[in-house]
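Here is a briefing on one protein chain. Look over the sequence and the structure, then read the points by topic.

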Amino acid sequence: MRMSTPDSVTPPRLLSGGITFTPVAFSVRTIEADRHREFNASQPSVSFLQTPAWGQVKSEWRSESVGWFNGQDGPVGAGLVLYRQLPKIKKYLAYLPEGPVIDWTAPDIGEWLRPLADHLRAAGAFGVRIGAPVIARRWSAETIKAAIADERVTRLSEAIPDLVNHETTRTRNQLREMGWRPPEDDEGFAAGQPRFVFQLPIEGQTPEQLLTGMNQLWRRNIKKAAKAGVAVRRGTADQLPEFHKLYVETAERDHFRPRPLAYFQTMFDALLAEDPDRIRLYLAHHEDDLVAATTWVRVGQHTWYSYGASSTAKREVRGSNAIQWQMITDALDAGATIYDLRGITEGLEADDPHLGLIQFKVGTGGEAVEYLGEWDLPLNPLLYKAFDLYMKRR
């Protein structure tokens, strides 16, 4: 096992407002997958991209589970690191998608991130990318609808948020001071995760309350699907070819590159081996026709709508609304507090090609969430730039 050497404990520091804190010396080292799973199970919410199983899904990357230790028996933080090798030389980009799982509200986030950088540098990393899973701002459905109607507002970030997390502002400033930087939108490294997502809080709600919180179109479409006889059922991994056929049809219609069937089969094998209810397949049929299909993921109290597909034919039976409603109510039954519809883009102008997706998700009555998001630390700036150019040319 490789372990970074922590800096010696420094004296208490004075923060703004006259508050003092005593830094903690953390060490970061490799941990076994079982220990990583135990840590994740102790947390209310961990991204499924930060589970040991996800390292098996991303087979083109080498994976490692790491833990933060401060003298206690078990890890006080953990993360899944994916290593992508540079062509021909044993140097790696280290990527922690939507992680690590640490105390992002700490007065000095550097006490957590410096030993991580030391550990990854020793492992041969030329750069690090993290995905800070801490919320910076929130916008309610009503705020978003008002912003869409306001021609002066062209992007979500231009709308006044309903909530601003000032602790995140402090963390963002500290990251910049330590040399971390957010990746540019047009950079070649395309493995990144969305900074803006749409979530539906479901804690303490009843199905009736959730339905009331949806807009009139969603409520009407859910009723229309039920009246038309759309039947939504849980599928099995053996039915993934049916899902994939519809998914490829969706990709051709919506102009995106589909993942191969083998990817989804690997995903189901890996995630289900970690937890028999980690991932589900949902299939919506009208008569004998498959009209919608989706995947649903859960870790602790957080559930995600992961992948979706819908048929071009029979769109009038509203299979997509029916399948979403089933996943939402099943998330509620599973004890989840959040139903996550994943990424959205910022564009709110009438001619933005992604506006329809935002409006579809806004109809659930949830909220847009901006995470602190992804940040890069070039440990070897020359190699990092070379890797970025390589990814842009692929």
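**Helix H7 against helix H10**

The axes of helix H7 (residues 216–228) and H10 come within 8 Å and cross at roughly 100 degrees. H7 and H10 are therefore roughly perpendicular to each other. This is a predicted model: local features need pLDDT of at least 70, side-chain atom pairs count only at pLDDT 80 or more, and totals for chains, interfaces and linings use all residues. Residues are numbered from 1 along each chain as its sequence is written, and side-chain values use heavy atoms, with hydrogens and water left out.

- Helices (H or I, at least four residues) and strands (E, at least two) are DSSP runs, numbered from the N terminus.
- Axes are lines fitted to C-alpha atoms, for helices over the stretch in contact, and angles run from 0 to 180 degrees between N-to-C directions.
- Angles under 35 degrees count as roughly parallel, over 145 as roughly antiparallel, 65 to 115 as roughly perpendicular and the rest as oblique.
- H7 makes the contact through Trp 218, Asn 221, Ile 222 and Ala 225. H10 brings Asn 321, Ala 322, Gln 324 and Trp 325. Contact means heavy atoms within 4.5 Å.
- By class, the contact of H7 with H10 has five nonpolar, three polar and no charged residues. Ala, Val, Leu, Ile, Met, Phe, Trp, Tyr, Cys and Pro count as nonpolar, Asp, Glu, Lys and Arg as charged, and the others, Gly among them, as polar.

**Two other helix pairs**

- Helix H8 (residues 240–254) and helix H9 (residues 261–274) have axes that come within 10 Å and cross at roughly 135 degrees. H8 and H9 are therefore oblique to each other.
- H8 passes H9 in a right-handed crossing. A crossing is left-handed if the near helix is turned anticlockwise from the far one by less than a right angle, and right-handed if clockwise.
- From H8, the residues in this contact are Leu 240, Pro 241, Phe 243, His 244 and Tyr 247. From H9 they are Leu 261, Phe 264, Gln 265 and Phe 268.
- The contact of H8 with H9 has seven nonpolar, two polar and no charged residues by class.
- The axes of helix H4 (residues 141–149) and helix H11 (residues 355–362) come within 10 Å, crossing at roughly 145 degrees. H4 passes H11 in a left-handed crossing.
- Ala 141, Ile 144, Lys 145 and Ile 148 of H4 meet Leu 355, Ile 358, Gln 359 and Val 362 of H11. By class, this contact of H4 with H11 has six nonpolar, one polar and one charged residues.

- A cis peptide bond joins Gly 99 and Pro 100, with omega about 15 degrees. Pro 100 sits in the loop between strand S6 (92–96) and helix H3 (110–122).
- Glu 98 lies in the loop between S6 and H3. Its phi is near 50 degrees, a positive value in a residue other than glycine.
- Glu 98 is buried, at a relative accessible area of 15%. Buried means under 20% relative accessible area, exposed over 50%, partly exposed in between (1.4 Å probe, protein chains only).
- Gln 50 belongs to the loop between helix H1 (33–41) and helix H2 (52–57). Gln 50 is buried, with a relative accessible area of 0%.
- A polar atom of the Gln 50 side chain lies 2.9 Å from the backbone oxygen of Pro 97.
- Not counting residues up to four places away in sequence, Gln 50 touches residues including Pro 97, Glu 98, Gly 99 and Pro 100. Also among them are His 36, Asn 40 and Leu 96.
- Ala 106 is found in the loop between S6 and H3. Ala 106 is buried, with a relative accessible area of 5%.
- The C-alpha atoms of Ala 106 and Glu 167 are separated by 8.8 Å, with the two residues 61 apart along the chain.
- Ala 106 touches Trp 112 and Arg 170, not counting residues up to four places away in sequence.

- Glu 249 is in helix H8. At 28% relative accessibility, Glu 249 counts as partly exposed.
- Leaving aside neighbours within four places in sequence, Glu 249 is in contact with Ser 310, Ser 311 and Thr 312. The C-alpha atoms of Glu 249 and Ser 310 are separated by 7.9 Å.
- Arg 318 is in the loop between strand S13 (302–310) and helix H10 (319–333). Arg 318 has a positive phi of about 60 degrees although it is not a glycine. Arg 318 counts as partly exposed at 32% relative accessibility.

Terms used: A polar contact is a pair of N or O atoms within 3.5 Å; within protein, one must be able to donate a hydrogen and the other to accept it, and residues adjacent in sequence count only if both atoms are side-chain atoms.
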